[in-house]
Amino acid sequence: MTSEILQADAGTPFPEAEPGHEWWRSAVIYQVYPRSWADSDGDGVGDLPGIISRLPHLVELGVDALWLSPFYVSPQADAGYDVADYRAVDPVFGDLADADELVRRAHELGLRVVVDIVPNHTSDEHEWFRAALAAGPGGPERARYLFRDGLGEHGELPPNSWRSVFGGPAWTRVTEPDGTPGQWYLHLFDVKQPDLDWTNPQVRAEFVSILRFWLDRGADGFRIDVAHGLVKAPGLPEWDHELELLEGSDARFSRPPFWDQEGVHEIYREWHRVAAEYAGDRVLVAEAWVDPPSRIARYVREDELHQSFNFSYLVTPWRADDLRTVVTASLEAMDAVGAPTTWVLSNHDVLRHSTRFGFPPGTKLPNGIGADDPQPDVALGLRRARAATLVMFGLPGSAYVYQGEELGLPEHTTLPDDVRQDPTWVRSANEHRGRDGCRVPIPWEADAPSYGFGPTSATWLPQPEAWRELALDVQRGVPGSTYETYRAALAARREHRLGEGRLQWVDGYPADVLAFRNGDVLVLANTGAAAVALPDGVEVLLASEPLNVADQLPADVTVWARER
Ligand code: NOJ
Ligand code: MG
């Protein structure tokens with residue numbers, strides 16, 4: 001049925017599935033953060049040849065696909081989320097031939113490759129923005145971005161009070177080509193990330209062309225950065241609140257005029273049609289910090305995107321009733337539009353979950369932790385993280401894994417402030433430490449320089465000494481290690497087809513126990529303080545910790561069991 005299409009498009013070796021059974025409905029997708037995964041040339045920054053050399057790790061781990069954070073030409077003002085050329089690889093990561101080789105090798109190993117697309121803003125070093133500055137006000141070059149005259153007698157005040165997500169105002173004033181102070185441009189993120197104007201047809205056409213560029217090269221899909229931010233309310237109406245990513249989008253409250261506007265959906269309908277032209281079930285994934293799940297569901301209606309990250313799940317504390325609520329709401333919302341639910345616990349923007357869970361449930365945590373902040377209970381955090389991971393892998397739908405969580409890596413919570421690189425730290429005037437602590441290079445080998453991250457001891461952020469014991473080669477082959485627990489869970493998830501399953505809540509357990517059935521597997525997670533009895537006659541398939549007393553489920557442990 002699909003052979004003709006496959007011949008015409010050599011970009012993917014994967015066959016197409018019947019509608020409703022596409023790979024992404026149940027896939028486990030591993031996020032590679034290129035700067036920090038594997039460094040081939042010893043410059044301390046990870047790169048594409050490094051990633052290629054470590055791909056067999058993903059096969060051994062048992063995931064279906066990898067998602068790569070941006071590797072495009074960029075001044076790296078926001079670690080590559082500031083793109084200067086969407087069709088070229090930054091020399092720090094390699095070149096286009098490396099990207100092609102990465103896709104080829106991944107496909108050969110049976111792994112799909114999802115790349116990141118950053119459509120809300122470009123780098124200020126993108127040729128379009130340079131042209132916009134050079135051309136001066138009023139011309140078509142400026143019309144691709146959101147340039148406005150300032151308020152006040154001499155235009156000395158910003159056009160409105162919108163704030164940048166990273167802190168400070170969302171507007172910066174430019175100097176015009178004739179040397180006079182001039183217009184202002186909008187940047188919801190760093191000053192080096194000017195927002196594009198998505199009402200401009202040139203912007204729309206350019207991104208369709210960029211999608212095609214990577215689809216033609218065999219990319220299996222895209223993770224869409226700030227998918228809820230592209231369209232701004234007409235007239236850029238006033239909104240003078242501080243921003244937090246996951247707030248204010250609730251339909252019951254008024255939405256900020258730059259998040260989750262109706263106009264984004266038309267863009268994604270067009271992107272859906274483009275992706276559908278390609279063989280092999282390419283996937284479009286929204287990064288949209290939108291709440292509640294019923295709002296998110298609107299991004300994954302039948303003719304729009306395929307998946308969206310579930311940040312409502314990510315922010316849920318380790319408490320059975322909260323988990324039950326968010327899981328139910330997520331499944332209901334996605335079922336209503338025929339999309340798979342996704343689950344995620346960590347990524348490159350949030351405190352790693354083994355650190356979050358090291359604080360009492362419900363603690364309001366800062367954006368980044370420094371040496372003088374309250375520190376987590378590391379052992380408890382890891383125990384709960386492992387239990388939470390078994391809950392996540394036990395749920396039907398698709399799950400995302402962030403590099404290093406399979407090793408149980410915690411956040412680096414004592415990073416010296418003078419090595420921080422996240423623009424959040426500077427833009428918030430040192431109020432928020434930001435995201436460097438979850439971006440520290442991965443430890444692969446305990447006794448190698450940079451713990452095997454690269455051939456030298458150079459790492460763009462320092463690795464904590466305690467990570468030596470968490471290195472992959474320390475855990476590999478050791479039953480009960482975090483790594484082997486992830487592997488066993490992913491293998492069992494595949495064997496029992498949990499990704500394609502249905503969830504059924506199970507009653508009769510204490511309120512602190514989350515209990516559900518997915519196919520023939522019973523998942524029990526004890527979020528309470530006391531051990532509870534396991535039911536009679538169950539066979540434990542997998543546990544997040546060794547069970548010392550056979551018929552007891554200890555606190556902060558999850559088991560997968562089979563009823564006999
Ligand atoms: C979301 C990305 O995940 C984050 O790392 C980045 O800073 C912002 N979008 C801006 O591109
Ligand atoms: Mg390198």
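Which residues does Leu66 touch, not counting residues up to four places away in sequence? Select Leu66 in this predicted model, and the residues that touch Leu66 are Ile29, Tyr30, Val32, Ile51, Leu55, Leu58, Leu102, Ala106, Leu111, Arg112, Val113 and Val114, where contact means heavy atoms within 4.5 Å.

**Before going further**

Residues are numbered from 1 along each chain as its sequence is written, while chains are lettered from A and ligands numbered from 1 in the order in which they are written. Local features need pLDDT of at least 70, side-chain atom pairs count only at pLDDT 80 or more, and totals for chains, interfaces and linings use all residues, with side-chain values taken from heavy atoms and with hydrogens and water left out.

**Colour by confidence**

Colour the chain by pLDDT, the predictor's confidence in each residue, from 0 to 100; the protein chain averages 95, and 96% of the residues score at least 70. Confidence is lowest in helix α1 (residues 3-8), with a mean of 40, and highest in strand β1 (residues 28-32), at 99; helices (H or I, at least four residues) and strands (E, at least two) are DSSP runs, numbered from the N terminus. Over residues 1-9 the pLDDT is below 50, and this stretch has nine contacts in the model beyond near neighbours in sequence. Residues 247-252 also stay under 50, and for them the model has 16 contacts beyond four places in sequence. Where pLDDT is low, the predicted coordinates should not be read in detail.

**The cores**

Return to Leu66, which together with Trp271 touches the most other members of the largest nonpolar core, a set of 139 residues. Such a core consists of buried Ala, Val, Leu, Ile, Met, Phe, Trp, Tyr and Cys residues joined through side-chain atoms within 4.5 Å. Helix α5 (residues 201-216) contributes the largest share of this core, eight residues. Apart from it lies another core, of 14 residues, among them Trp162, Trp171, Trp184 and Phe258.

**The parallel sheet**

Next, show the open sheet of eight strands, ordered β11-β10-β9-β5-β2-β1-β13-β12 with parallel pairing, where two strands pair if DSSP finds at least two bridges between them. The edge strands, each pairing on one side only, are β11 (307-308) and β12 (342-344). Strand β10 (residues 283-286) is joined to β11 by two bridges, and Ala286 has Ser308 in β11 as its bridge partner. Helix α6 (residues 264-276) packs on this sheet, touching β5 (112-117), β9 (221-224) and β10, and its direction makes about 155 degrees with that of β10; axes are lines fitted to C-alpha atoms, for helices over the stretch in contact, and angles run from 0 to 180 degrees between N-to-C directions.

**The metal site**

Select the magnesium ion (ligand 2), which is coordinated by Asp39 (OD), Asp41 (OD), Asp43 (OD), Val45 (O) and Asp47 (OD), at 2.1 to 2.3 Å. Donors are N, O and S atoms within 2.8 Å of the metal (3.2 Å for Na, K and Ca), and water is not among the atoms, so sites may look incomplete. Asp47 counts as buried because its relative accessibility is 2%, whereas Asp43, at 38%, counts as partly exposed; buried means under 20% relative accessible area, exposed over 50%, and partly exposed in between (1.4 Å probe, protein chains only).

**The antiparallel sheet**

Finally, move to the open sheet of five strands, ordered β14-β15-β16-β20-β18 with antiparallel pairing. Strands β15 (residues 513-518) and β16 (residues 521-526) pair over six bridges, and the bridge partner of Leu514 in β16 is Ala525. Helix α11 (residues 378-394) lies across β15, β16, β18 and β20 (557-563), running at about 35 degrees to β20.
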